[in-house]
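Please consult the sequence and the model shown below while reading.

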Amino acid sequence: HPWALAFLPDGRMLVTERPGRMRIVTRAGRLSPPLGGVPRVFASGQGGLLDVLLDRGFEQNRTIYFSYAEPFESGGRTALARARLDTGDNPRLSDVRVIYRQQGPASSGNHFGGRIAQARDGNLFLTNGEHFSDRDMAQTLDNDLGKIVRVTPEGEAPKDNPFVNKAGARPEIWSYGHRNPQGLAINPADGKLWEQEHGAKGGDEINLIVPGRNYGWPLVSNGVNYDGTPVGTGKAKMAGVDDPLWHWTPSIAPSGMTFYTGDLFPAWKGNIINGALKFQMLVRLELKGDKVVKEERLLDGIKERIRDVRQGPDGALYLLTDSNSGRVLRVAPAR
């Protein structure tokens, strides 16, 4: 069950596996033994070891960030840690330090979120799910459930976060009203933050994230609950809620996402490439400014859940498939 990958400067890949392992994958596809130093994770349901990201200054400081479901009480909560990656003869993590812990009740195994992005200023964004059973907490600011948070590399809330001076609000919150955010990416063209999240029965969303804004869950949705009953008001829109830029109904269960900037697919430059779990495919979203103007579905029939999508240094797309025998796949133009 690989969950996320990050490219090292030499072209090798750092890959997380949900049960709690991290490995290095060579350019020839060989897997290292599990790295030492990875903390114990709550590996139950959707919980476990999640995203991984190299610091913008990795070549100088060897720092990585990773998210995971940290054991808490009888379940788990989303945590963000930083560590030094040693890639010598005995690859391992050292100086591991948790810099953020989700505030709120534990999850029994659902909706942890966990995607990480780092802005140009070095600050970190992390998605938090609402644990499925605690969904109303996505609308209250005294907890981190159903929120995107923004912290410094040391785990502090930046002074310009939108709720720093609001009484009773968590200072790390950047946006709220999210369900289970499974994709997060910064558009390299302009630095804007984009997110995608699972709806229930329909209503998967692509959102352009603006600080302090409410994205509606569980008050409004383009989908319905799993039992067919309306979500919240039963409407897709309401005052004070930002609408998604794109939605999928029925649900495709979107996961990892990336902005394509390479040369192998020149017509795709600036497009969003998404993985899909339920529909087992890639989705290409063509943008015009901040609007989605076209969708193309790719690799339909691959019969594998696509958990993560990353662009490699060679301009190809690299995918992770979510299963017991998960794979790294490389997608390039046919010769």
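In which strand is the place of D308? In this predicted model, D308 lies in strand β20, which covers residues 306-311.

Is D308 buried or exposed? Its relative accessibility is 1%, and because buried means under 20%, D308 counts as buried. The side chain of D308 reaches the backbone nitrogen of L5 at a distance of 3.1 Å. L5 is also listed among the contacts of D308 when neighbours within four places in sequence are left aside.

Strand β20 belongs to an open sheet of three strands, arranged in the order β20-β21-β22 with antiparallel pairing. β20 and β22 (328-331) stand at the edges with a single partner strand each, so one side of each is left without a neighbour in the sheet. On average, neighbouring strands of this sheet are turned by 25° against each other, direction ignored. The partner of β20 is β21 (residues 317-321), and five antiparallel bridges connect the two. Within this pairing, Q311 has L317 of β21 as its bridge partner.

**The sheet that contains β10**

Four strands form another open sheet, in the order β8-β9-β10-β11, and the pairing is antiparallel. Its edges are β8 (116-118) and β11 (173-176); each has a single partner strand, so one side of each is left without a neighbour in the sheet. From one strand to the next, the twist averages 20°.

Strand β10 spans residues 147-151 and is joined to β11 by three bridges. Strand β9 (residues 124-127) pairs with β10 over four bridges, again in the antiparallel sense. V149 takes part in both pairings: its bridge partner in β11 is I173, while L126 has V149 as its bridge partner in β10. K147, in turn, stands opposite Y176 in β11.

How many residues of β10 are buried? Five of its five residues are buried. Both faces of the strand are covered, with K147, V149 and V151 on one side and I148 and R150 on the other.

**Strand pairings**

The bridge counts of the pairings described above are collected here.

| Strand pair | Sense | Bridges |
|---|---|---|
| β9 and β10 | antiparallel | four bridges |
| β10 and β11 | antiparallel | three bridges |
| β20 and β21 | antiparallel | five bridges |

How values were computed: Residues numbered from 1 in each chain as written. Predicted model: local features only at pLDDT ≥ 70, side-chain atom pairs only at ≥ 80, totals over all residues. Heavy atoms only, no water. Pairing = 2+ DSSP bridges. Axes fitted to C-alpha atoms, helices over the stretch in contact; angles between N-to-C directions. Buried < 20%, exposed > 50% of the residue type's maximum accessible area, 1.4 Å probe, protein only. Polar contact = N/O pair within 3.5 Å; in protein donor to acceptor, adjacent residues only side chain to side chain. Contact = heavy atoms within 4.5 Å.
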